[in-house]
Amino acid sequence: MSAQFTADDYAARMRRAADEAQAAGFDGVLVTPGPDLVWLTGYQPTAITERLTVLVLRPGRRPQLVVPKLEVPDAQAAPAAGEMDFRDWSDATDPYATASALLPDEGRLCVSDSAWALHVLGLLTARPAIGLAAITTALPMLRAVKDGHELDRLAAAGAAADQAYGEIIKTRFAGRAETEVAADLAALLREHGHEQVDFTVVGSGPNGANPHHEAGDRIIGVGDTVVLDFGGLMAGYGSDTTRTVHVGPDVDPEATRVHAIVREAQQTAFEAVRPGVACQDIDRAAREVIVAAGYGEYFIHRTGHGIGVTTHEPPYMVEGERQGLVPGMCFSIEPGIYLRGRFGVRLEDIVTVTESGGRRLNTTSHELQVVE
């Protein structure tokens, strides 16, 4: 596992956030509990409640963390504590008055996507001349380019997910409920080091035609095609992989054909990865293969999404996203074909951009695996 992030790492991230906000025409960044705060400071409150916690980042100024008085000890134990000043507030006082004293009287600031409306409206009431924009809209690439330690963690999470897949395909599928297989997948992810399981999609037969199907009580039968999409967080960084398997020896000829098309689309998109290529061109590369094969209307989602301290984040491999790829970006490539009422097929790897192309962080076979 990669070395721990240091206070200097977090200080550099906070400076970068303030500088990127300024370059984008904003006067600062307001960060509430959630993935942005964890990435910037290493601090995650024990519970996210109605009490205001907000990190204020402004260009050329020391970071300020507004925090409830009762949570100061926890906040001061954060890895970046020495790089911030603390402004606490008590339950009998107005937290928005405390926070707004750190803000300009007017201007524009970015705010965490996950900020509660209660807090956004409270800050706007205290500073009505300020405009706010979501961080994802204003600074979509803030967390997109990973450093070496982050890449190490993503690679380790991907390898752990691969190990889970290698074990789940050795178990019996036929005669078991989707929920049972999903529970096994979740247990395997944890066994191989994940502290958090975000999803275990097990879409059997017609359920596989729903890309975000939640495992249900359907009993998996011989002859079913089954989509397995699973992932979560390991050492704070995400995994997300999808493979499609078939139950029993006799594979539906169309399932074989569809799987081969999706496999070609995934490979074609992967081969398109290199610095400077627009995100939308990765989507186009995969989609062109599926359209040419006559299944274009059945590819009903984007080709990929970024991954880091969350399993879904910018950049997005989707038509209209002209952001160029940069070494260190990590994202999924996951084309699929979904035939309603029959079956679905999806193949997904996490890929990182290198100086000359791309590198897969998932390495399990793309073949249509036959399981019992």
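## A235 and its loop

A235 is partly exposed, at 28% relative accessible area. Here buried means under 20% relative accessible area, exposed means over 50%, and partly exposed lies in between, with a 1.4 Å probe and protein chains only. A235 sits in the loop between β8 (225-234) and β9 (237-238). Its phi is near 50°, a positive value in a residue other than glycine. Helices (H or I, at least four residues) and strands (E, at least two) are DSSP runs, numbered from the N terminus.

## Basis of the model

This is a predicted model, in which local features need pLDDT of at least 70 and side-chain atom pairs count only at pLDDT 80 or more, while totals for chains, interfaces and linings use all residues. Residues are numbered from 1 along each chain as its sequence is written, and side-chain values use heavy atoms, with hydrogens and water left out.

## A cis proline bond

P314 and P315 are joined by a cis peptide bond. Its omega is about 5°. P315 belongs to strand β12 (residues 313-317).

## Helices α9 and α10

Helix α9 (residues 253-271) packs with helix α10 (residues 279-292) at an angle of about 155°. Their axes are 8 Å apart. Axes are lines fitted to C-alpha atoms, for helices over the stretch in contact, and angles run from 0 to 180 degrees between N-to-C directions. The angle makes α9 roughly antiparallel to α10. Angles under 35 degrees count as roughly parallel, over 145 as roughly antiparallel, 65 to 115 as roughly perpendicular, and the rest as oblique. The crossing of α9 and α10 is right-handed. A crossing is right-handed if the near helix is turned clockwise from the far one by less than a right angle, and left-handed if anticlockwise.

From α9, the contact uses I261, E264, A265, T268 and A269. From α10, it uses I282, A285, A286, V289 and I290. Contact means heavy atoms within 4.5 Å. By class, eight residues in the contact of α9 with α10 are nonpolar, one is polar and one is charged. Ala, Val, Leu, Ile, Met, Phe, Trp, Tyr, Cys and Pro count as nonpolar; Asp, Glu, Lys and Arg count as charged; the others, Gly among them, count as polar.

## Helices α7 and α8

Helix α7 (residues 148-168) and helix α8 (residues 178-191) cross at roughly 135°. Their axes come within 9 Å. That makes α7 oblique to α8. The crossing of α7 and α8 is right-handed.

The contact of α7 with α8 has seven nonpolar, no polar and three charged residues.

## The two sides of α5

In helix α5 (residues 117-126), the buried residues include H119, V120, G122 and L123. They cover an arc of only 165° around the axis, which puts them on the same side of α5. The arc is that of the directions from the helix axis to the C-beta atoms. On the other side of α5, A117, L121 and T125 are exposed.

Several elements cover the buried residues of α5, including β1 (29-31), α4 (95-100), β5 (107-111) and β6 (130-134).

## G131 in β6

G131 lies in strand β6. G131 is partly exposed, with a relative accessible area of 27%. Leaving aside neighbours within four places in sequence, G131 contacts G107, R108 and L109. G131 and F26 are 105 residues apart in sequence, with their C-alpha atoms 9.4 Å apart.

## V371 in β18

V371 has its place in strand β18 (residues 369-371). V371 is buried, at 4% relative accessible area. Leaving aside neighbours within four places in sequence, V371 contacts I169, F173, V245, H246, V247 and G248. In sequence, V371 and I168 are 203 residues apart. In space, they are 9.4 Å apart, C-alpha to C-alpha.

## Q4 before α1

Q4 is in the segment before α1 (7-23). Q4 counts as exposed, at 61% relative accessibility. Leaving aside neighbours within four places in sequence, Q4 contacts D9 and R153. Q4 and E150 are 146 residues apart along the chain. Their C-alpha atoms are separated by 10.0 Å.
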